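Hi,

Here is the structure I promised to pass on.

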Amino acid sequence: MTEIFESTGQALLYGVVGLVVMAVGFIALDLVTPGKLYHVVWTDRNRGAAVLLGSQSVAVGLVIMKAIEASESEQGLGHGLLSTLLYGLAGVLVMTVVGIVIGVFTPGRMGAVVLDDQDGRPHPAAWVQAGMYLGTGFMVGAAIS
């Protein structure tokens, strides 16, 4: 029974680390898109922004999953949590840089283009950027494992 409680505590701690990394990912996405992301998604109901945020959240979750799997927990819980945090933050950094680089090579400011909903539909660039986030998440996840 003690093992169940210990494992539950560890899961909660890894969950907190994952939440921190997802919050950092949200902040990073907010910095590279125009307007306040919270307002754009929840108040303006911008579908392009929702597509980006949703895909980035899945990609960060994938990176966190792989980071937890690869964490050096045999060296202790603290070391495993730290390695998960660092791997996760590295994934967010790579995703953010990929988004910025793609924005440099596309017409207009990428963040503004992907938020350009027309007729209630996200701009096609939102789907491209979403795919980039997911692809980057898979790439970083593979590099971690």
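**What I found**

Starting at the N terminus, the elements of the protein go α-α-α-α-α-α. That makes 6 helices and 0 strands (DSSP runs numbered from the N terminus: H or I of at least four residues for helices, E of at least two for strands).

Bear in mind that this is a predicted model, where local features need pLDDT of at least 70 and side-chain atom pairs count only at pLDDT 80 or more, while totals for chains, interfaces and linings use all residues. Residues are numbered from 1 along each chain as its sequence is written, and side-chain values use heavy atoms, with hydrogens and water left out.

On overall dimensions, the C-alpha trace spans about 55 × 30 × 20 Å along its principal axes. Of the protein's 145 residues, 38% count as buried (under 20% relative accessible area; exposed is over 50% and partly exposed in between, with a 1.4 Å probe and protein chains only). Among contacts (heavy atoms within 4.5 Å) with a separation of 6 or more, 72% come from residues 24 or more positions apart.

Now for the aromatics: the count comes to 1 aromatic pair. The ring centres of tyrosine 38 and tryptophan 42 are 5.0 Å apart and their planes sit at 25°, so the pair is stacked (rings of Phe, Tyr and Trp, using its six-membered ring, pair with centres within 6.5 Å; planes under 30 degrees apart are stacked, over 60 edge-to-face, the rest tilted). Both residues belong to helix H2 (residues 37–43), 4 residues apart, or about one turn of the helix. Tyrosine 38 has 55% relative accessibility, so it counts as exposed.

Cheers
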